[in-house]
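Biologist: I have a new structure open and would like to go through it with you. Can we take it piece by piece?

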Amino acid sequence: MQEQEGYEWKTVTDDETIIRTHAWSPPGCHPVGCGLQLHVKDGKIVKVEGDPTHPITRGALCPRCLALKEFIYHPDRVLHPMKRAREDRGKDKWEQITWDEAYDIIEENAKRIIKDYGEESIMVFGGTGRQANTYYPLMAFMVFGSPNACYAQSGWSCYGPRATITAHLMGGGYPEIDNACRYPDRYDHPGWEPPKYILLWGKEPLKSNPDGFWGHSVIDLMKRGTKLICVDPRVHWLATRAEQIVQLRPGSDTALALAMLNHIVENDLYDHDFVDRWCYGFEEFAERMKQYPPSWAAPICGVPEEQIIDVATKFATFKHCALGWGLAVDQNPNGVQLAQALLSLLAITGNLDVPGGCTLGTPIAGDDDPARDMANWGFAAGVLKPEVWEKRLGAKEYPGFSTIMNQCHPDFTLAAMQNGDYKCRMAYFHSSNVVSGAIAAQPDKWYEALKDVDFAVAQEPFMNPTAMALADVFLPLTTFAEHDGHVQPHYGLNAAFEAAINKAVTVGDCKCDIEIMIDLGKRMHPEFWNQFDGVVDYLEKRVIPKGMTFDEFRKAGVIQPEEVYRKYEKGMLRPDGQVGFLTTTGRFELYSLAFELFGEDPLPYFEEPPFTPQNKDLDPKILEEYPLILTTGARTYVSFHSEHRQIPSLRAMVPDPLLEMNPVDAEKLGIKDGDWVLIENQFGKCRQRAQVTPTIQPGVVHAMHAWWYPEKDPEAPSLFGAYDSNINTLLPNGYIGKLGFGDTFKANLCKVTKDETNEKEEA
Ligand SMILES: Nc1nc2c(c(=O)[nH]1)N[C@H]1C(S)=C(S)[C@@H](COP(=O)(O)OP(=O)(O)OC[C@H]3O[C@@H](n4cnc5c(=O)[nH]c(N)nc54)[C@H](O)[C@@H]3O)O[C@H]1N2
Ligand SMILES: Nc1nc2c(c(=O)[nH]1)N[C@H]1C(S)=C(S)[C@@H](COP(=O)(O)OP(=O)(O)OC[C@H]3O[C@@H](n4cnc5c(=O)[nH]c(N)nc54)[C@H](O)[C@@H]3O)O[C@H]1N2
Ligand code: SF4
Ligand SMILES: [Mo]
């Protein structure tokens, strides 16, 4: 553990106080922990700037953190708890109440519902990566005793597939590009070297900083000689600086990855030493790869055969290379096979846990079942009963999913609610704008399935469509500038550091996720929760590095663990201290015994996603009607999913939802840049604004996701224009793949027409 030298978390001058802190949420971001300096005067933040002493972010901030003041002091922020009569759902008839009254209502309803229908009838909804990501499963398991923590994205298609496949094939945290982030002296550290190539696969990290990986470090690496190869149907900013772009057809990725593996194996370009010592099942794997020569993949992917060969050769022969695998790996019903192929690529080319390759996190020591850890806390606290845990929705049906993920299965859950097999009696929207925001496919179906729940709570910084549609009680949240806390990038799986979140100001009557969890815990299960005397006490007892007080922790600044390469050689990846990987064979399983156990094919294979021009089983009428390939959700600098739409400086940068389309398609359809267009398919329709650009392939359109309009009518049925521009109304639930993962968010079909109401609205 290396602490930051000379760090001061608080500086008091005659004029102001400067609080140094590490960002998390709200407002939303993944656990990236960028360094900020908040200038406080008379109890108000007057200026926000980056912290130049942060070893990784070194003063850099993106527009969302720079707009923090606008978020904190926004006139629409909800600053007090509120309630509304159940029959007034969808109406703007809120009444301010005290925290005690809010807690009384929640306690009374939760206890009644548990008594009448069982703990499992309470569902706690959460979204991605925010501080709440750690606390919504705990709210379910340790406050209400329910096994049903629900992340409602079809096929749990974010990070879950990549993390789960990593756990099954090798154990431990998911491999991340070696960007020297564990060294205080970063790129100057002796022994560290930049990757020769980074293969950026369906990831745009400059905008997304996904999972706690710092996108700008890709530029740092390029300045030090790293070359970039982007696998992406769009040409994004980094791609314009890449050595090459593999501009493949959306959804065809697994074919490309298998063809690269074929070339590497057939031409003996693999790392024999690593394969012999550390891999299991190479012979079966090599035999399977024979089916996938680059000549087979080229027409499937729309990529020249020579390019596939060139990229594969470079990745295998330059020492070392790194893979940045993004969301396009998860959001694909063939994504488990893709993740398996990509991890195998890293393994057989000897790029796992080496300088300039991809580094591995270490599993939580002493726990042979790390991903279910939180459920174990629930059992240990005596709140989550093992027989209730058995009622987790979809756990038995999707064992490959549920042995690693501690949640209910989203598509199974929706179907069970729709067909009456399960009735949700209490919905707790902990960090989820499920009826309109980002997470759900066909969000209107989730709305329909939840609209009659007996009781609902929303915990949010702003009123949003979900709270307006369904909540009976609204709990207002502090931003990260208003509470003490802890941030650990990469969800702790492959974390570069731990650092404190330092409270700078108080605004209204808001509380943070941890405080609300403790308060409600004390009412539901005082025998366990009474041991925690507030947020700092909770952090000291359960979260921050053992033996440190919160005061010591925050004075230490950014605490980096020491980087150790080739952990498999050193007994660091297994709780028993043996060398090798945390699998049955102790090796990286190219042939997966875990998959075999679940009755699945142990080797990777290609399957065409359901809605593509090349799917032979697709009804030709659908393709005729909806000829354009639809991909969605590439991130923007100015929003985190459905958040930030009401922040003036950010909204000014992207005022409307945009549909990128190639000039060739636009001309054919009589659409001009800036026209409003209708996007439709057999599942739904919405309206966005055309952005005509050559950076997207002809025949492919890309739609922004998570649009709603805080300025529109808040009441139902409008719900702030929840469905006007919501691309997810075109994306179905239920089209999942192997182990229950994957969706069609990055590859579906649609048609686009000019919205004839255009001129009228403009006038
Ligand atoms: N079409 C399409 N849809 C997509 C995607 C895509 O690529 N294309 N991406 C998908 C992916 S990968 C994901 S992960 C999901 C994300 O989906 P979600 O994470 O569900 O995102 P939101 O809809 O913004 O809802 C999250 C809510 O949490 C609130 N919130 C913010 N910070 C905090 C906090 O600290 N605590 C609490 N309690 N609440 C907080 C926000 O105000 C917001 O209302 O979206 C998915 N949706
Ligand atoms: N600013 C901001 N940052 C965010 C978020 C946010 O909402 N806003 N959301 C966070 C979340 S939850 C996540 S999961 C991460 C995701 O962050 P990333 O992993 O970076 O993923 P995306 O931005 O969805 O898409 C990356 C690229 O995939 C490409 N792509 C689309 N379809 C395909 C395909 O079929 N194959 C391939 N190979 N590429 C394809 C897109 O063109 C895009 O350039 O970002 C996180 N960070
Ligand atoms: S990635 Fe951007 S929005 Fe997220 S914490 Fe860092 S500066 Fe803030
Ligand atoms: Mo995500």
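Biologist: Which residue in strand 4 does leucine 36 stand opposite?

Modeller: Leucine 36 stands opposite glycine 50. Keep in mind that this is a predicted model.

Biologist: How many bridges hold strand 3 and strand 4 together, and in which sense do they pair?

Modeller: Strand 3 and strand 4 pair over six bridges, in the antiparallel sense.

Biologist: What sheet are they part of, and in what order do its strands come?

Modeller: An open sheet of four strands, in the order 1-2-3-4, with antiparallel pairing. Strand 1 and strand 4 (44-50) are the edge strands, and each pairs on one side only. Neighbouring strands of this sheet are turned by 20° against each other on average, direction ignored.

Biologist: What holds strands in a sheet together, in general?

Modeller: Backbone hydrogen bonds, in either a parallel or an antiparallel arrangement.

Biologist: Back to this sheet. How is strand 1 joined to strand 2?

Modeller: By a hairpin through four residues. Strand 1 (residues 10-12) and strand 2 run antiparallel and are joined by three bridges. Valine 12 stands opposite threonine 17 there.

Biologist: And what is the pairing on the strand 3 side of strand 2?

Modeller: Strand 2 pairs with strand 3 (residues 35-41) over six bridges, again in the antiparallel sense. In that pairing isoleucine 19 stands opposite leucine 38.

Biologist: Is strand 2 mostly covered or mostly open?

Modeller: Mostly covered: five of the six residues in strand 2 (residues 17-22) are buried.

Biologist: Where is proline 27?

Modeller: In the loop between strand 2 and strand 3. The peptide bond from proline 26 to proline 27 is cis, with omega near -10°.

Biologist: Which other residues does a cis peptide bond join?

Modeller: Alanine 716 and proline 717, with omega about 5°. Proline 717 is in the loop between strand 26 (700-703) and strand 27 (748-754). For background, most peptide bonds are trans, and most residues other than glycine have a negative phi.

Biologist: Which residue other than glycine has a positive phi here?

Modeller: Alanine 180 is one, with phi near 55°. Alanine 180 is in the loop between strand 9 (176-177) and strand 10 (197-201). Aspartate 211 also has a positive phi, of about 65°, and is found in the loop between helix 6 (205-208) and helix 7 (216-223).

Biologist: Why does alanine 180 count as buried?

Modeller: Because its relative accessibility is 1%, and buried means under 20%. Aspartate 211 is buried too, with a relative accessible area of 1%.

Biologist: New topic. What surrounds ligand 3?

Modeller: Ala23, Cys29, Cys34, Leu61, Cys62, Arg64, Cys65 and Asn209. By class, that shell has six nonpolar residues, one polar and one charged.

Biologist: How many aromatic pairs does the structure hold?

Modeller: The structure holds 38 aromatic pairs. In one of them, phenylalanine 125 and tryptophan 446 have ring centres 6.1 Å apart and planes at 85°, so the pair is edge-to-face. Phenylalanine 125 is in strand 7 (residues 122-125) and tryptophan 446 in helix 19 (residues 443-450), 321 residues apart, so the pair links distant parts of the chain.

Biologist: Are those two buried or exposed?

Modeller: Both phenylalanine 125 and tryptophan 446 are buried.

Biologist: Why is the pair of tyrosine 270 and phenylalanine 282 tilted?

Modeller: The ring planes of tyrosine 270 and phenylalanine 282 are at 40°, with centres 4.5 Å apart, so the pair is tilted. Planes under 30 degrees apart would count as stacked, and over 60 as edge-to-face. Tyrosine 270 and phenylalanine 282 are both buried.

Biologist: Which residues form an aromatic cluster?

Modeller: Tyr135, Phe528, Trp529, Phe532 and Tyr538 form one.

Biologist: Which ring does the charged end of arginine 645 sit over?

Modeller: The ring of tryptophan 707, at 4.0 Å from its centre. The charged end of lysine 712 likewise sits over the ring of tyrosine 709, 4.1 Å from its centre.

Biologist: Last one: is lysine 567 buried or exposed?

Modeller: Lysine 567 is buried, with a relative accessible area of 3%. Lysine 567 lies in the loop between helix 24 (550-555) and strand 21 (588-589).

Definitions and conventions. Residues are numbered from 1 along each chain as its sequence is written. Chains are lettered from A and ligands numbered from 1 in the order in which they are written. This is a predicted model: local features need pLDDT of at least 70, side-chain atom pairs count only at pLDDT 80 or more; totals for chains, interfaces and linings use all residues. Side-chain values use heavy atoms; hydrogens and water are left out. A residue is near a molecule or strand if one of its heavy atoms lies within 4 Å of it. Ala, Val, Leu, Ile, Met, Phe, Trp, Tyr, Cys and Pro count as nonpolar, Asp, Glu, Lys and Arg as charged, and the others, Gly among them, as polar. Rings of Phe, Tyr and Trp (its six-membered ring) pair if their centres lie within 6.5 Å; planes under 30 degrees apart count as stacked, over 60 as edge-to-face and the rest as tilted. Helices (H or I, at least four residues) and strands (E, at least two) are DSSP runs, numbered from the N terminus. Buried means under 20% relative accessible area, exposed over 50%, partly exposed in between (1.4 Å probe, protein chains only). A charge sits over a ring if NZ of Lys or CZ of Arg is within 6 Å of the ring centre and within 35 degrees of the ring normal. Two strands pair if DSSP finds at least two bridges between them. Axes are lines fitted to C-alpha atoms, for helices over the stretch in contact, and angles run from 0 to 180 degrees between N-to-C directions.
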